[in-house]
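Thank you all for making time this morning.

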Amino acid sequence: MLAPAKHRISVKEYYRMAETGALPPDARVELLDGQIIDMSPIGPFHGRVTKLLNRFFSAASQGRWIVSVQDPAQLDDYSEPEPDIMLLRPAADFYGERHPGPEDIYLLVEISDSSLERDLGEKLPAYARSGITEVWIVDLNEQTIEVYRQPRVAGYASKTVLSAGDKASPQAFPDVALDVAELLKR
């Protein structure tokens, strides 16, 4: 007997599902490796950290990047997750004609509490496979920032864990330093 094969949904099919109402307009979902994934609810601390990162990166930008908050990134034909924060290459149309792809992303940030297992086990490998040069996983439970760099097909070659007393700087912008303790204090 042949094992049944799973059908992977493409980004195009995903949008068609939304257009036809197969996905409700208020559905909190994202597409990852051809599968529609329910997104975790955003708790107050998660929301606070998202807002702080948005404010920090927006103030530090000086036109060098666009801050994107919980917007889609198209990794390939089968993945369009919605990371919490991205620093994007400037685009005159602010990505009005397409969603940013891996080549447009300087830094991608996932803020994790209940989603940590999925962020590390499913999303992080997808980000590495697509070639996103730097990903931060902000672990709200452990109050750390895991910095991943040097993407490979099998994952990231470099991982650094930052905690209170450390500063986090995007590789593309080493002059921008975020105080980990300030970001993650409760």
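**Helices across a sheet**

Let me begin with helix 2, residues 44-61, which lies across strand 3, strand 4 (85-88), strand 5 (105-112) and strand 6, and which runs at about 160° to strand 5. Helix 3, residues 116-130, lies across strand 5, strand 6, strand 7 and strand 8, running at about 165° to strand 5. Helices here are DSSP runs of H or I with at least four residues, strands are runs of E with at least two, and both are numbered from the N terminus. The angles, on a scale from 0 to 180 degrees, are taken between N-to-C directions of axes fitted to C-alpha atoms, for helices over the stretch in contact, and contact means heavy atoms within 4.5 Å.

Please keep in mind that this is a predicted model, in which local features need pLDDT of at least 70 and side-chain atom pairs count only at pLDDT 80 or more, while totals for chains, interfaces and linings use all residues. Residues are numbered from 1 along each chain as its sequence is written, and side-chain values use heavy atoms, with hydrogens and water left out.

Now to the sheet, which is open and mixed in its pairing, with 6 strands in the order 3-4-5-6-7-8. Its edges are strand 3 (66-69) and strand 8 (155-162), each of which pairs on one side only, and the twist from one strand to the next averages 20°. Two strands count as paired if DSSP finds at least two bridges between them; strand 6 (134-139) and strand 7 (144-152) have 6 bridges and pair in the antiparallel sense. Within that pairing, D139 stands opposite T144 of strand 7.

Next, two loop residues. Leaving aside neighbours within four places in sequence, D104 is in contact with L87, L88, R89, Y95 and R98.

Q74, in the loop between strand 3 and strand 4, is partly exposed, with a relative accessible area of 28%. Not counting residues up to four places away in sequence, Q74 touches several residues, including V11, H99 and G101. Finally, the C-alpha atoms of Q74 and D139 are separated by 24 Å, the two residues being 65 residues apart along the chain.

Methods. Buried means under 20% relative accessible area, exposed over 50%, partly exposed in between (1.4 Å probe, protein chains only).
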